Amino acid sequence: MPHSVGVSDDEFRAALSRLAAGVVLITAHDPEDGPRGEDVGMTATAFLSVSLEPPLVMVSVRNDSRMDDLLAHQPLWAVSVLAESQRHIAGRFAMKGRISDRLLFADIPHVQGEAAGAPLIGGALATLECRTEQRVPAGDHTLVIGRVLTASTLSTDAGPLTYFRGKYRHLG
């Protein structure tokens, strides 16, 4: 709805693109999709730590997206913090109107997490398994706040994959 005072979509995007963000892959298992269900993945940069006690994290998910629909009834999900060498994974799961997620996971090393049953990406800098505690409507997105059930890190000197000014980057 047009208004005389305020920010345009383009101005908002341009300003927020100046905030460097870590890149994660949010995953969940949909037990209702097919004989053994289907794993679903979504690239996210709007992910952050919320609380230490209890351990809570939050991801912002676009309303009516495949992940939003799934997390509305599947409380268990996982996060893989992507390394700078995993740009292809971020790009693959960021595509709009894409093919079945089953094919997207086919050639990516991953294991099903024991706590959430969701894919944990091999070579990720860190992985977290979560259970949704709260869903907060926020404009055209929903903030999904999850309690961290497991957390592990990879012993590596690899840097994080970051997103800045509309591009995946590495710290240098």
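In this predicted model, the largest nonpolar core has 18 residues. Within this core, the residues with the most contacts are Ile26, Met42, Val59, Met67, Trp77, Val79 and Cys130. Seven elements each supply at least two of the core residues: strands S2 (24-30), S3 (38-44), S5 (56-62), S6 (76-81), S9 (126-138) and S10 (141-153), together with helix H2 (66-71). A second, separate core has 13 residues, including Val23, Leu25, Ile89 and Ala90.

Neighbours within four places in sequence were left aside.

The protein has 4 helices and 12 strands. Its radius of gyration is 16 Å, close to the 16 Å given by the globule rule for 172 residues, so the protein is as compact as a globular protein of that length. The C-alpha trace spans about 50 × 40 × 40 Å along the principal axes. Of the contacts between residues at least 6 apart in sequence, 62% join residues at least 24 apart. Buried residues account for 39% of the 172 residues.

The accessible surface comes to about 9900 Å². Carbon and sulfur atoms contribute 56% of that area. On the surface, Val7, Phe12, Leu16 and Leu19 form a nonpolar patch. Together these residues have about 410 Å² of accessible area. Leu19 lies in the loop between helix H1 (9-16) and strand S1 (21-22). Leu19 counts as exposed because its relative accessible area is 58%, against a cut-off of over 50%.

How values were computed:
Residues numbered from 1 in each chain as written. Predicted model: local features only at pLDDT ≥ 70, side-chain atom pairs only at ≥ 80, totals over all residues. Heavy atoms only, no water. Patch = residues over 30% accessible without salt bridge, like charges linked within 9 Å, V, L, I, M, F, W, Y side chains within 5 Å. Areas by Shrake-Rupley, 256 points an atom, 1.4 Å probe, with all protein chains shown as cover. Salt bridge = Lys/Arg side-chain N within 4 Å of Asp/Glu carboxyl O. Buried < 20%, exposed > 50% of the residue type's maximum accessible area, 1.4 Å probe, protein only. Core = buried A, V, L, I, M, F, W, Y, C linked by side-chain atoms within 4.5 Å. Contact = heavy atoms within 4.5 Å. Rg over C-alpha atoms; globule rule 2.2 N^0.38 Å.
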